[in-house]
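Open the model in your viewer and keep the selection panel at hand.

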Amino acid sequence: MYAFDFEKPKTVAEAVSALAREDAMALGGGQTLIPSLKQRLAAPSALVSLTGIAEMRGVCTGDDGALCIGGATPHAVVAAEAAGKYPALAALAGNIGDPAVRNRGTIGGSLANNDPAADYPAAVLASGATIVTNTRRIAADDFFEGLFTTALEPGEIIVEVRFPIPARAAYAKFQQPASRFALTGVFVAKTAGGVRVAVTGASENGVFRWSEAEKALSASFSADAIAGLSVPADGMVGDLHGTPAYRANLVKVMTQRAVSAA
Amino acid sequence: MPKDQGIGASTKRREDVRFLTGKGRYTDDINLRGQTHCVFVRSQVAHGRINAIDTSAAEAMPGVIKVFTSADFAGKGGVPCGWQIHDKQGNPMLEPKHPILAEGKARYVGDAIAAVIAETLEQARDAAEAVVIDIEELPAVVDMKAAVAGGALVHDEVGSNLCYDWGFIEDNKGAVDAAIKSAHHVTTLELVNNRLIPNAMEPRAAIGDYNSASDDYTLYTTSQNPHVIRLLMGAFVLGIPEHKLRVIAPDVGGGFGSKIFHYVEEAFVTHAAKVVGRPVKWTAQRSESFMTDAHGRDHVTKIELALDKDGHFLAIRTETYANMGAYLSTFASSVPTYLHGTLMAGNYKTPHIYVNVKAVFTNTVPVDAYRGAGRPEATFQLERVIDKAAREMGIDPIEIRRRNFVQPNEFPYQTPVAVAYDTGNYQATMDKLVQIADIAGFEGRRAESAKKGLLRGLGVNCYIEACGIAPSNLVGQLGARAGLYESATVRVNATGGIVVMTGSHSHGQGHETTFPQVVAEMIGIPEAQVEIVHGDTANVPMGMGTYGSRSLAVGGSAIVRATNKIIAKAKKIAAHLMEASEGDIELKDGKFSVAGTDKSVDWGSVCLAAYVPHNYPLAELEPGLEETAFYDPSNFTYPAGAYACEVEVDPGTGKVTICSFAAADDFGNVINPMIVEGQVHGGLAQGIGQAMLEAAAYDANGQLLSGSYMDYAMPRADDVPFYMVDHSCQTPCTHNPLGVKGCGEAGAIGSPPAVVNAVIDALQRGGHKHVTHIDMPVSPVRVWSAMQG
Ligand SMILES: Cc1cc2nc3c(=O)[nH]c(=O)nc-3n(C[C@H](O)[C@H](O)[C@H](O)COP(=O)(O)OP(=O)(O)OC[C@H]3O[C@@H](n4cnc5c(N)ncnc54)[C@H](O)[C@@H]3O)c2cc1C
């Protein structure tokens, strides 16, 4: 680790101004950032912790009925407090990493990081959630821009994530055996506007919507409805833990399992 | 009622109080006055010519005391290999130098090129980044067959990547070839025994200290055998006489073999401490452990098994490529040869066996012994090929094994691969397994799994291992450059308490609990009266340390011998005190009595008399009560057993779940059943880890792809089932005083084939008839891909 300054502001405005400093970085739960600091892969001038900002922590219900999660809310809190209103999302949060990770890692950090094998991006994209930052609202469809890249501008902070509640939903995750991130994870959400299917872990371009499956499931919400579909192996990740063909298979199998569980 | 003291009691591990409450004292917990910190600059390329190293910027940085390169070790030796193998023609193996810091070339990613000593660890790290290494990357050799087929040379000066080409036993080859040629059936299997990274919980660490007033060196190190390190480092590397070098291996957090070896970092800190005039400390980071701890296994094998029409084994022929990595680690050469070839008979009467092993240098981390060391490799290929043969010939896999077992009345049994089994009963362990694994109920369980859409399979195998290594004169003939006895000193104090100094080293095994059980039983005093000291060459007589499941069988035997000497002397003292003749003295429950009388004197009084010899036969007997013994076994010990695994395969994803695992072991006599079960549990977890999860993977350029827990999958609690273990089949070892065989490695040796056999069985029963083998780890992608054909 290289030396850095540490700040823990109490308000979003204070955080925004602290982040204006050159090479300052936001710190959520530190579950991704601290390991990379330890490996000396990043050298921020300052870390600006967001976890002391009260307005960014907790789970509530918005006027429009959406589930609103503060950007600095740890996964364990989501697992506990979203369970009544959005069980599929709570179950996803409750299966991220281990208890230590869940008690420190935050939804804002996970989304800003946009690891191609992270779980939350699938839920956000399938739910058609809205990412609220200190400057604007970003629709999920416009937020994820490939591996580890998002629509966030430098210094922009995820303050809140707003999830409309689907009629039925489920997340089916196939764990990578070592990291237990998603080797492939599929979040399926049935909403008034149709079915949305978001896939994480599989594609070389990060989380994506499987539109063919969405169409078929919108017509008939059953595992059988996609029995005849397949995704091409082309563009799927190939690594120690899965070939592109294997991941393409998992996309379908996990989609079917999510539909059956929803 | 089960015993609560002594041999056979499940005494709770007394060392756990220390470990579980944070009171352990590991090498990194030790901080010496004036201590400096060391960080190694390691190669980032697998193979490269070092043109220049510029240390000037680093040396000018704050807190930096000195930057070392190989030039600082001119005239020093390389770290030696402890076992010389001779090839088929009788030529000695190639033995290139393994320098403390790379000389001229770097040979694997992680090879130490330079080292920075600074006041603080952060300063050393900062300066390490400022060391400029001009290195010209060379083509790397990673694949073993390519390496011997003319790839780049890892060591230019030895002219070949083939360390040795070993035939065992060369004289058997003709008979083996003939038997295979004329056999009714031959089953052939090509397989990989996957490369593993040890992952001890405690990373390696070392502190060197030099006292200029006395010219004494002290090395604190994470070692399983401090005397071996003292001998190798003192005599071969640094030229320090043993009486000027003290090696201390304090609490050590797991070794699994990886802490047997003499590593360059140990020699570095010892030498550097003298050069800089202050203690030098190094502790590996976890990523450093991944790329510098000696890896395990990494064999590529073709095995052929010849059978007659009834499934009797006629001959076995194997050809194995064994990866040595970039340098010969301390016992690397012995693992694929004498710890592997000698085990190829397994539990069976196969008259003709020939084993060929080609040991190969590659641009990867050195490979050496890892829990089981050679014996898992032997067991895996043998038990896999037997399973395949059984399927090909339509014989039940349990039945084909029973048909070929060495029968209980055939011991001692001389195998065609040099070793002679003293005792065993393989039918009994198989009977026990069939019972505890409820093999009869398998079909019912399979039907239940099928209802859930899952393919269930049953895998069974046997294993035998040779442990308690070993007779020194035998291993000496085979090329070992060390003796393999063990030592013990039993020191009785004036007030009756006992301290046992053992050459064995405990790094998780529980010696501090089990060894007192033995001594307490022999004398008849409470275990709490006996304490164990180990891990310090200044306190313990020359011992060989802990590996190869030898601590109780060899180290424990030395303790028994020393304790017998104590008892013999104590009886003389007791005889004097009671004015009786020595031959009439009996020792029972800590009391010496005169046979046929009610005269007695207790243990404490005899001890006091030995040290306060007022009433004592000083003319005939020295005062004091302290005895040392060395024990050199006359044979290996041969634990054996039968294992069964049931799995469910998810056909949609290829994911394998272990539903149950049963182990019926014969360890001979058991001192502490709870500790034995714990050792088996740990071994099974490691074997299941190898079979299901673990794989050290390199890319074609020699970069380690599985260099962290993000990609290297260790077994976790939910990856393994509740085990059913049994050790009630006991055929005591015939040649050591305790009748014990050793249990530390059995689980890791015996379990991988059971898992893979079960997966193949599940797929076969599920209609995937084309799948006859899947290499470990049987990961979801491999199983699914195999099913696709
Ligand atoms: C052992 C382990 C297992 C894990 N397993 C999983 C898993 O199974 N599934 C999974 O999805 N994840 C997993 N993770 C990742 C975990 O979910 C992290 O919490 C997450 O990736 C990052 O969140 P964080 O709050 O810790 O962010 P940090 O590490 O603090 O920050 C990550 C990045 O996001 C930025 N950032 C943080 N908060 C904000 C914000 N509010 N607005 C804008 N930018 C911000 C930071 O500047 C940084 O660039 C695991 C992590 C570990 C260590």
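Which strands of chain A does helix H1 (residues 12–19) lie across? Select the helix: H1 of chain A lies across S1, S2 and S3 of chain A. Its direction makes about 145 degrees with S2(A). Axes here are lines fitted to C-alpha atoms, for helices over the stretch in contact, and angles run from 0 to 180 degrees between N-to-C directions. Helices (H or I, at least four residues) and strands (E, at least two) are DSSP runs, numbered from the N terminus.

A note on the model. It is predicted: local features need pLDDT of at least 70, side-chain atom pairs count only at pLDDT 80 or more, and totals for chains, interfaces and linings use all residues. Residues are numbered from 1 along each chain as its sequence is written, chains are lettered from A and ligands numbered from 1 in the order in which they are written, and side-chain values use heavy atoms, without hydrogens and water.

**Stop 1: the sheet in chain A**

Now show the strands. They form an open sheet of three, in the order S1-S3-S2, with parallel pairing. Strands S1 (5–7) and S2 (24–27) are the edges, each pairing on one side only. Pairing requires at least two DSSP bridges between two strands. S1(A) and S3(A) (residues 46–49) have three bridges. Pick Phe6(A): Leu47(A) in S3(A) stands opposite.

**Stop 2: chain A against chain B**

Select both sides of the interface. Chain A gives 21 residues to the contact and chain B gives 23; contact means heavy atoms within 4.5 Å. The two chains bury about 1800 Å², that is, accessible area (1.4 Å probe) lost on being put together, summed over both. In chain A, Arg40(A), Arg180(A) and Leu240(A) lose the most area to chain B.

Zoom in on Arg180(A). Asp718(B) forms a salt bridge with Arg180(A), with the closest N and O atoms 2.8 Å apart. The interface has six salt bridges (a side-chain nitrogen of Lys or Arg within 4 Å of a carboxyl oxygen of Asp or Glu). Then colour helix H10 (residues 244–261) of chain A: its seven residues are the largest share of the side of chain A that touches chain B.

**Stop 3: two domains in chain B**

Select domain 2 (145–193 + 297–393) and domain 3 (420–466 + 636–789) of chain B. Their bounds come from an automatic or database domain assignment. Between these domains of chain B, about 2500 Å² is buried. Finish at Asp761(B), which forms a salt bridge with Arg391(B), the closest N and O atoms being 3.7 Å apart.
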